[in-house]
Amino acid sequence: LRQDWTALIPGAGDGGSAGETTAALTVREAATDYVEALSRYENPNTVTAYRYPVVKHLLPVLAYNDDERTVDRALADVDEALVLRFVSTKQAERTVLQDIADTLAELDRDVRGDPERLKAQLDAEEWRLLCRYGQRGGHHTVLDPSASGLISLSSRGLSNNEINRCLARMRDIVRMANRRYKLGLDDPTQGCSLPRGDPSREWLHTVQMQALLDAAQTLDANPAQDAYAHHGRYSAVLALGLLGPRVSEFCAARWRDLSAQGLFIPEAKTSAGRRHLELPAIVGTSLHERRATLDPRPNDYIWASAADTKRDRNNVRNRLLAPVLELGAQLLEQQGQRPLPARVDADGNPTAVRVRPHMFRRTAMTYWAWADRNQRWAMGQAGHKSAKMTLEGYQQTFPRDPNARAQVVAWLSGAGDQPA
């Protein structure tokens with residue numbers, strides 16, 4: 001699942017380099033040069049953001065001339081047709097992975113905990129992709145004999161924008177090879193980009209947010225019903241929905257970063273991203289109680305994984321939020337309230353809840369506007385370098401229901417009862 005492809009590239013760690021060979025430069029050798037050059041970035045999150053598309057997506061498809069991955073492909077052989085095949089492969093994977101996710105949601109827990117029984121529910125291609133993009137127990141591969149727990153997906157496939165980012169990395173690799181080796185290769189990604197998908201502008205209304213908070217409290221209070229109760233879903237929903245951190249910042253938060261000043265974000269791509277998140281009283285209280293219960297060490301992660309390690313940003317929805325969303329959707333249905341945002345089929349019927357961590361960030365910015373927080377404050381809280389993205393959150397429709405705005409003001413009021 002987390003195989004390091006760069007370790008397999010000639011010259012990646014033995015003192016050699018691609019430039020010392022007279023043979024045609026291969027895709028793996030050129031990718032090695034590119035990945036090694038990423039060391040100029042000081043922020044590890046930036047390095048990961050550039051490296052991941054190369055290691056996880058580009059190399060498995062483009063680096064070899066055969067399906068067994070034994071014959072290296074020359075960089076000069078990567079043309080527009082091959083790049084288009086990569087694009088269509090990722091689009092097909094996305095469709096299959098979404099089908100797998102729907103299947104997993106319908107299966108009993110005992111089936112999802114048994115690889116052999118689960119394999120019988122899937123066709124060969126679905127099983128292959130589940131073994132590649134799936135996980136068991138939070139951090140093991142699906143077929144790891146030492147693993148236990150439920151099998152889930154760590155990815156539902158790449159969006160059009162993410163596929164385009166992969167193409168941008170391929171373009172960077174070719175440009176670097178051209179500069180370093182005077183190759184004069186054409187850009188194989190020219191004309192292969194997909195239409196950009198407009199980012200979702202959905203956010204959680206107050207009744208939806210309250211249902212999720214109620215669901216999270218219920219799950220935290222009933223460990224017998226939820227094996228991950230000690231992970232603090234209530235404080236997680238509060239922090240995501242009222243503080244608005246990026247999901248990577250949420251996963252990286254440690255107890256040492258929490259103080260009377262708020263929650264410090266030490267690692268960010270820009271100087272604006274390094275900031276203190278101001279804690280409303282309700283968030284501060286929940287974190288104070290959680291710290292008192294866990295008695296953690298300063299370096300422990302606030303919302304750690306099942307193995308008490310840093311949580312994978314791609315697993316926040318599936319591992320931490322999924323039970324909250326499921327129970328929250330049930331509560332909203334019982335109350336006759338607005339349902340959670342969902343995917344719809346060709347007939348317009350909802351098929352699955354579609355709430356991702358970034359929706360909480362948009363929700364937070366919307367709530368800040370409702371509570372009359374000024375835009376400069378919101379830019380600082382969001383870690384935005386430009387006001388443009390902050391304004392998008394401030395352009396949501398204000399609620400006609402005065403009770404909804406009053407609820408938001410109550411959630412965001414005060415800064416007392418902070419953790420010491």
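**Reading cysteines and aromatic rings**

The structure holds zero disulfides.

Biologist: What should I know before reading the model?

Modeller: This is a predicted model, in which local features need pLDDT of at least 70 and side-chain atom pairs count only at pLDDT 80 or more, while totals for chains, interfaces and linings use all residues. Residues are numbered from 1 along each chain as its sequence is written, and side-chain values use heavy atoms, with hydrogens and water left out.

Biologist: How many disulfides does the structure hold?

Modeller: A disulfide is a covalent bond between the sulfur atoms of two cysteines. The search takes a pair of cysteine sulfur atoms within 2.5 Å, and the count is zero.

Biologist: Is Cys192 buried or exposed?

Modeller: Buried means under 20% relative accessible area, exposed over 50%, and partly exposed in between, with a 1.4 Å probe and protein chains only. Cys192 is buried at 3%, and Cys251 is buried at 1%.

Biologist: How many aromatic pairs are there?

Modeller: Rings of Phe, Tyr and Trp (its six-membered ring) pair if their centres lie within 6.5 Å; planes under 30 degrees apart count as stacked, over 60 as edge-to-face and the rest as tilted. The whole structure has six aromatic pairs. One of them is Tyr367 with Trp370, tilted because the planes stand at 45°, with centres 5.7 Å apart. Tyr367 is buried at 0%, and Trp370 is buried at 2%. Tyr367 also pairs with Trp411, at 5.8 Å and 40°, so that pair is tilted.

Biologist: Which residues do ring pairs link into a cluster?

Modeller: The cluster consists of Trp203, Tyr367, Trp370 and Trp411.
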